[in-house]
Amino acid sequence: MRTVRNLGILAHVDAGKTTLTERILYATGATHKRGEVHDGTTVTDFDPQERDRGITIFAAAVSCDWDGHRINLIDTPGHVDFSDEVARSLRVLDGVVVVFDAVAGVEPQSEAVWRQADRHGVPRIAFVNKLDRAGADLDTAVDSLRQRLGTVPLVVQLPIGREGGFTGVVDLVRMRALLWGAGGGSYTEAPVPGALRDEAQRRRRLLEEAVAELHPAALEEFCTGSGVSDGTLAVALRDLTRGGEGVVVLCGAAYRDRGVEPLLGAVVAYLPSPVDVPPVRGTLDGTVQERPADPGAPFAALVFKVQATATGRLSCLRVYAGTVRKGDAVLDMGTGRTERIGRILRVQADRHAEVDRASAGDIVAVVGLKGARAGTTLCAPGAPLVLEPPAVADPVVSVAVEPRRSLDTDRLATALARLVEEDPSLTVRTDPETGQTVLSGMGELHLEVAVEKVRRAHGLEVRVGRPHVAYRETVVRGVSGLTYRHVKQDGGAGQFAHVVLDVEAQDGTPDDLVFGSAVVGGRVPQEYVRAVEAGCRDALAEGPLGGHPVTGVRVTLTDGSTHVKDSSEMAFRTAGRLALREALRASVMTLLEPVVEVTVTVPDDAVGGVLGDLAARRGRVSGSTARAGTAVVTATVPLAELFGYASRLRGRTQGRGTFTTRPAGYAPVPAAVSEQVLKVRSR
């Protein structure tokens, strides 16, 4: 297992992530021809929609071998609408390479995936790509890592040549030059060029200083005055990477196949193996248990992706402990049922090779599981354990979908159910007022892809309504001392609950509900207090303005009373729900809408029109920078105002403008807009 690396490739869209993956597969001999995104010939972007759109939509797993190590690699999407795919992948990875554009530096989605890796505690290496482009600058890109990500970049390479003249790098750890020919691929090693010797020495000294500040052994050597040896420096870089205290930075040009082999060397040298990370933790009956990455331990695995293929239903999983063989029985902790493993497959994007077993540290796909979903724990029947599943974000955009032919209603329901199985960030519900089927997801493109998948995979003609965003309601000014008595007597045991609530808005970043109790003297027993909290959470499902979920509320139970016979947890839960509903109706409420941070890149001569269009969409411009004949405008815009923006931007800039978005939370809706939203809701 020490020779296994479970690696993810993360990046902003168009930073060169999939091209880098293709070059890794080619360098390791897993493929014998370089695939290209623009030709639709890449291994990992195998879905027809990915090839049509030229972007990664679905996380794809591949395996390859390098320097005696097996690398299980997952190429993840770079578009914000598919960030849940990234989160599910990060949950099962031990390390990642984050790819940055040498011209743009840290971009919005590269920052977003970096924060996701922070939350999962995954060690990282940074690869500054596209050094052969006009305007590329390694130092500027590294500064953006330091300033925007708050990390400590440990730059271990110095580029040889600039922009189109980029031909190699100086390895600052071994102080050797690595040079590529016109075709890229394997490099030749040579002494550091004389013109770069002083600069290389200076940068090596800066690297030693940065490492010595963070690593005790390196500091001890550094203080002797002789500098840090190559061996100590390599060990320190490994320790700092695995501990998350620093980030090793390499550079190259993946499209020209330059810098890929040194990156693979860094992955093997610095990123952890499954035995180098802490044992996986799970729960059983409320107690926390650890399970080591040992093939002989009881089996435990986490399903992170489910997909339907022509050969059957595949469940992609990471084995954390133990060994599983073809034909073994495993316990599905989600359903509580025992299922049998039909086949175990080593995944190569859309191709699969059957294997007899999978052990701790492996990422494989299995056939034969009927009830497993993304986030399901599989374990040995005699050693149950529940691993923490990946978190699923709340959807923010919805569309109504219906079949063109009423005869296809059941087929559409089946197709949508399968979609939700494969992608937990999609939800399907029936609108209680209109009876329409509503599909919800993470963005306009996310829903477009989902609907197109229904059309292509199931041969269904589908009509799609105009997108709607997920509004929320919150308290502006609450109420104090609201008294509610729930009394019900209809024969037999009755129901009695008396509660007094204070309701107010939360400060800072709000949760849905912050609940507290100020009851003294035991007037409301603790089990009834918990029931009141549960009832309050029930009440948040629909707000008084338009039936939208309520967020950002602080509720305090200040008093209450019980009946010796008729009080129960059910009675107090009902009282909590009805009391909070009444309190919200009496409070001053406001509507919240999802907002996104938009980064628009346009030619200098189109800036005025773009700024005016953003203002018309209720956007608030937060920054504008010039970059090599283009302007980069950053603004916060309501998500509801961005539908159709891609077409409008192309029209204003003659096809030269691009934009990206990332979620920026919720913001109050202006009164005039709020009235329009509520009118539409009431129809």
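Reader: Start with Thr232. Which residues is Thr232 in contact with, leaving aside neighbours within four places in sequence?
Author: Ala217, Ala218 and Glu221. Contact means heavy atoms within 4.5 Å.

Reader: Before we go on, what kind of model is this?
Author: This is a predicted model: local features need pLDDT of at least 70, side-chain atom pairs count only at pLDDT 80 or more, and totals for chains, interfaces and linings use all residues. Residues are numbered from 1 along each chain as its sequence is written, and side-chain values use heavy atoms, with hydrogens and water left out.

Reader: Back to Thr232. What joins its side chain to that of Glu221?
Author: A polar contact of 2.5 Å. The term covers a pair of N or O atoms within 3.5 Å; within protein, one must be able to donate a hydrogen and the other to accept it, and residues adjacent in sequence count only if both atoms are side-chain atoms.

Reader: Where is Thr232 found?
Author: In helix α8, residues 230-243. Helices (H or I, at least four residues) and strands (E, at least two) are DSSP runs, numbered from the N terminus.

Reader: Is Thr232 buried or exposed?
Author: Buried, with a relative accessible area of 17%. Buried means under 20% relative accessible area, exposed over 50%, and partly exposed in between (1.4 Å probe, protein chains only).

Reader: New topic. How many aromatic pairs does a search of the whole structure find?
Author: Four. Rings of Phe, Tyr and Trp (its six-membered ring) pair if their centres lie within 6.5 Å; planes under 30 degrees apart count as stacked, over 60 as edge-to-face and the rest as tilted. One of the pairs is Phe100 with Trp114: the centres are 6.1 Å apart and the planes at 50 degrees, so this pair is tilted.

Reader: Which parts does that pair tie together?
Author: Phe100 lies in strand β4 (residues 95-101) and Trp114 in helix α4 (residues 108-120), so the parts are 14 residues apart in sequence. Phe100 is buried at 1% relative accessibility. Trp114 is buried too, at 2%.

Reader: And how are the rings of Tyr645 and Phe659 arranged?
Author: Edge-to-face, because the planes are at 75 degrees; the centres are 5.0 Å apart. Tyr645 lies in helix α15 (residues 645-652) and Phe659 in strand β38 (residues 658-668), so again the parts tied together are 14 residues apart in sequence. Tyr645 is buried at 0%, while Phe659 is partly exposed at 27%.

Reader: What sits over the ring of Trp114?
Author: The charged end of Arg124, 4.7 Å from the ring centre. Lys453 lies over the face of Phe58, at 4.8 Å from the ring centre. A charge sits over a ring if NZ of Lys or CZ of Arg is within 6 Å of the ring centre and within 35 degrees of the ring normal.

Reader: Now the inside. How many residues has the largest nonpolar core?
Author: It has 50, and those with the most contacts inside it are Leu20, Val97, Ile125, Val211 and Leu237. Such a core is a set of buried Ala, Val, Leu, Ile, Met, Phe, Trp, Tyr and Cys residues joined through side-chain atoms within 4.5 Å.

Reader: Which helix gives the most to this core?
Author: Helix α9 (residues 260-270), with seven residues. A second, separate core has 49 residues, among them Leu138, Val155, Leu345 and Leu385.

Reader: What does Leu237 contact, its neighbours within four places aside?
Author: Leu154, Val156, Val173, Leu207, Val211, Val248 and Tyr270.

Reader: On to strands. How many bridges join β19 to β20?
Author: Five, between β19 (residues 343-348) and β20 (residues 351-355), which run antiparallel. Two strands pair if DSSP finds at least two bridges between them. Val347 stands opposite His352 in β20.

Reader: Which residue in that hairpin takes a positive phi?
Author: Ala349, near 65 degrees; the hairpin has two residues between the strands.

Reader: Where is Glu163 found?
Author: In the loop between β7 (157-160) and β8 (168-171). Glu163 counts as partly exposed, at 30% relative accessibility.

Reader: Last one. What does Glu597 touch, not counting residues up to four places away in sequence?
Author: Thr634, Ala635, Thr660, Thr661, Arg662 and Ala664. Glu597 is in strand β35 (residues 588-603) and counts as buried at 18%.
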